[in-house]
Amino acid sequence: MAKLTFLGTSGSVVTKTRACAGFMFEDKLVDIGFGVLSNLLKTETPLTTIKELYISHTHSDHIGDFTGLVWAMAMAGRKETLQVISSPTTNSSLKKILKLQSTPESGFVNFEIKFETPDKKKDVLYHASTHDPENIAFRLKVNKTDFVYTGDTAKDLRIAKFARGSDMLIHDATFLSGQESLAKLTNHSTASQAGEIASKAEVKKLVLTHIAPSNQALEDRYISEARRTFDGEVIVAKDWLTIDL
Ligand SMILES: [Zn+2]
Ligand SMILES: [Zn+2]
């Protein structure tokens, strides 16, 4: 059975217990925020075996370890192509970041980094969310499980439509009730708003992630607030949480 493992579940910054956004399943990584590389190495996954890296958007809490990952793969002697899958704008930024961070052009990275858009991938759907900069949500399929990862988003009914009927929705839940104005201002969601979207999408399971540092001790509130708007299973993601797919 395939497993999904969360490698980072904090919003905006690394905390003592949570890295920034990232998770892995099979030979795929999704987002590579600060701290995700360190957690990935702790899983003992050989860096030569990761084939695809999906990126939601260019906020540093989602791409902070990108250059570090490429360098670590180079040092591990990788030869296999790495596919990076995101929007054209994000792909172009990632290429620039590698250069700006003085990644040696030859003799170091001895593998191809192929930047692709998700429309080229079989079994992958994608949709813009409400966030700034541009963020794409992915709908991914493993065995018979299909699930949606929103990346960062304000409450967005288009995401409910996009996620309709999927087995699991991994949704931005940076904030809690009483923080709605902050959520709106920063284009993030509350737990209750994530529940509303999960409910409209009729998914089986809701996983709340991208937890604001100041809210990280309040997991019970996350669960109870999401349950006010969603009847299905609710989980608060933590680093190292594993979900069977
Ligand atoms: Zn973020
Ligand atoms: Zn963001």
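Colleague: What makes strand 5 and strand 6 count as paired?

Modeller: In this predicted model, strand 5 (residues 82-85) is joined to strand 6 by 4 bridges. Pairing asks for at least two bridges between two strands, so strand 5 and strand 6 qualify as a pair. They run parallel, and glutamine 83 stands opposite lysine 114 in strand 6.

Colleague: Which strands are the edges of the sheet, and what makes them edges?

Modeller: The sheet is open, with 7 strands in the order 6-5-4-3-2-1-13 and mixed pairing. Strand 6 (113-116) and strand 13 (242-244) each pair on one side only, and that makes them the edge strands. From one strand to the next, the twist averages 20°.

Colleague: Which residues meet where helix 7 and helix 8 are in contact?

Modeller: On the helix 7 side they are Ala191, Ser192, Ala194 and Gly195, and these meet Tyr222, Glu225, Ala226 and Arg227 in helix 8. Sorted by class, this contact has 4 nonpolar, 2 polar and 2 charged residues.

Colleague: How do you know whether alanine 194 is buried or exposed?

Modeller: By counting: alanine 194, in helix 7, has 33 other C-beta atoms within 10 Å. The cut-off for buried is 20 or more, so alanine 194 is buried.

Colleague: What is alanine 194 in contact with, leaving aside its neighbours within four places in sequence?

Modeller: His171, Asp172, Ala173, Ser189, Leu206, Leu208 and Ala226. Take Ala173: its C-alpha atom and that of alanine 194 are separated by 6.3 Å, although the two residues are 21 residues apart along the chain.

Colleague: What makes you call helix 7 mostly covered?

Modeller: The count again: 8 of its 11 residues are buried. They are Ala191, Ser192, Gln193, Ala194, Gly195, Ile197, Ala198 and Ala201. The cover over these buried residues includes helix 5 (157-162), strand 10 (168-172), strand 11 (205-209) and helix 8. Glutamate 202 follows helix 7 and has a positive phi, near 55°.

Colleague: Where does glutamate 44 lie, and why does it count as exposed?

Modeller: Glutamate 44 is in the loop between helix 1 (36-42) and strand 4 (52-54). It has 6 C-beta neighbours inside 10 Å, and 12 or fewer means exposed, so glutamate 44 counts as exposed. Its phi is positive, about 65°, although it is not a glycine.

Colleague: One last point: is the peptide bond from aspartate 132 to proline 133 cis or trans, and how do you know?

Modeller: Omega is near 10° for that bond, and the bond is cis. As for its setting, proline 133 is in the loop between strand 7 (125-128) and strand 8 (136-142).

Note on methods:
Residues numbered from 1 in each chain as written. Chains lettered and ligands numbered in written order. Predicted model: local features only at pLDDT ≥ 70, side-chain atom pairs only at ≥ 80, totals over all residues. Contact = placed C-beta atoms within 7 Å. Helix = DSSP H or I, 4+ residues; strand = E, 2+ residues; numbered from the N terminus. Nonpolar A, V, L, I, M, F, W, Y, C, P; charged D, E, K, R; others polar. Axes fitted to C-alpha atoms, helices over the stretch in contact; angles between N-to-C directions.
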